[in-house]
Amino acid sequence: MTAPRPLVAGNWKMNGLKAALAELAAIRDAAAAGGAGRAETAICPPFTLVAAAVEACKGSPLAIGAQDCHPRVSGAHTGDVSAEMLRDAGASYVIVGHSERRADHGETNDIVRAKAGAALAAGLAAIVCVGETKGEREAGQLTAVVGGQVDGSLDKGFDPARIVVAYEPVWAIGTGLTPTAADVAEVHAFIRARLLALYGAKGEGVRILYGGSVKPSNAAELMAVKNVDGALVGGASLKCADFMGIAAVYR
Ligand code: PEP
C-alpha cells in the first residue's frame with residue numbers, strides 16, 4: 001500500500017472572531033497556490049466560524065473541520081453540537097478526544113469512541129487524539145497509555161479510510177517542547193502496529209499526525225520521521241505564514 005497523503009490540520013481552539021476569517025482566506029489562497037504541495041490542509045475553527053469558513057473556502061483545497069461533536073445525532077443536550085450538524089454546515093473533519101477535552105470535560109476513551117463513531121456515521125473524517133502526560137511518560141507508562149487510548153478510542157468497525165490519529169504528547173502542547181525525532185518514530189511505529197492489528201493492511205493507510213509545538217523551524221525534522229503523515233497544529237495555525245511554513249515541508 002502506498003503511503004497516505006499527508007494532512008496538515010490546524011486547531012484554532014477557542015480563538016477566532018469573525019475578523020479571523022481574513023487569516024483563513026490567506027491560508028486558503030496560499031493552499032490554492034500550491035503552498036502545501038502534496039499535503040492536504042484543513043483548519044478547525046471554533047463552532048461559531050465553521051459555516052462562514054466553509055463558505056469562504058468553497059471550491060478551494062482548504063478543508064474545514066470542527067473541534068468536537070456530541071455522540072448523538074440530536075436531542076436534549078444543551079450547548080452541544082452533533083456531527084450531523086457539522087456535516088450540514090459543510091465541515092469535513094472533526095477533532096475528537098483532544099487532551100484539553102479529555103482533561104477539561106472528563107472525556108474517557110469510551111466517550112471519544114462514541115464521538116468518532118458519530119462523526120463517521122455523519123460522513124465526517126475523525127481526527128482522534130491520543131498522547132501521554134509528562135508524569136505518565138516519566139513513570140514508564142507511555143505505551144500503556146497511548147496503546148489504551150488507541151484501542152479504546154477506535155472501533156474495529158470504523159472505516160479506516162476516514163480515521164486520522166493524532167499523537168499529541170500532552171507536555172508538548174503549547175509549551176514549545178517537542179519529543180526527539182527518535183521518540184516520535186518509536187511512538188508512531190507503535191501506533192502503526194496497533195492500527196495494523198485493528199484494521200489489517202488497511203491500517204497502513206490511516207494517517208498518523210504528530211502534534212505538539214510544531215512550528216516552521218521544526219516541521220521538516222518532525223515530518224520526515226517514518227509513520228508521521230502530517231501535523232496537527234495549534235498555536236502556529238492561527239497565522240498564515242506559520243501554518244503554511246509548516247505545510248511547505250510537503251512542497
Ligand atoms: C494542539 O493543541 O492540538 C496543538 C498541537 O497545540 P500546539 O501546536 O499549540 O502545541
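What is the volume of the second largest pocket? In this predicted model, the second largest pocket has a volume of about 160 Å³, and the ligand sits in that pocket. The largest pocket has a volume of about 470 Å³.

**The ligand and its pocket**

- The lining of the second largest pocket comprises 14 residues, and those nearest its centre are Gly174, Ser213, Val233, Gly234 and Gly235.
- By residue class, this lining holds 5 nonpolar, 7 polar and 2 charged residues.
- Around the ligand there are 14 residues, among which Lys13, His98, Glu168, Gly174 and Ser213 come nearest.
- The shell around the ligand divides into 4 nonpolar, 8 polar and 2 charged residues.
- Gly174 and Ser213 are named both among the residues nearest the centre of the second largest pocket and among those that come nearest to the ligand.

**Polar contacts and burial of the ligand**

- Glu168 places a polar side-chain atom 2.8 Å from an oxygen atom of the ligand.
- Gly174 contributes through its backbone, with an N or O atom 2.7 Å from an oxygen atom of the ligand.
- Ser213 likewise uses a backbone N or O atom, which lies 2.8 Å from an oxygen atom of the ligand.
- The ligand taken alone exposes 290 Å², and the protein buries 95% of that.

**The largest pocket**

- With its volume of about 470 Å³, the largest pocket is lined by 20 residues, of which Lys13, Met14, Gln67, Arg101 and His105 are the closest to its centre.
- Two elements give two or more residues to this lining, namely helix 2 (47-57) and helix 4 (99-104).
- Helix 4 supplies the largest share of the lining, 3 residues.
- The lining of the largest pocket is made up of 7 nonpolar, 7 polar and 6 charged residues.
- Lys13 is one of the residues closest to the centre of the largest pocket, and Lys13 is also one of those that come nearest to the ligand.

- Most residues other than glycine have a negative phi.
- The position of Lys13 is in the loop between strand 1 (7-11) and helix 1 (21-32).
- Asn227 belongs to the loop between helix 9 (216-223) and strand 8 (230-233).

Conventions: Residues numbered from 1 in each chain as written. Predicted model: local features only at pLDDT ≥ 70, side-chain atom pairs only at ≥ 80, totals over all residues. Heavy atoms only, no water. 1 Å grid on protein atoms, 1.4 Å probe; cavity = no way out; pocket = protein on both sides within 12 Å on 5 of 7 lines; lining within 4 Å. Points joined across faces, edges and corners; volume = space filled by probe spheres on them. Helix = DSSP H or I, 4+ residues; strand = E, 2+ residues; numbered from the N terminus. Nonpolar A, V, L, I, M, F, W, Y, C, P; charged D, E, K, R; others polar. Near = heavy atom within 4 Å. Polar contact = N/O pair within 3.5 Å; in protein donor to acceptor, adjacent residues only side chain to side chain. Areas by Shrake-Rupley, 256 points an atom, 1.4 Å probe, with all protein chains shown as cover. Sits in = over half its atoms within 2 Å of the grid points.
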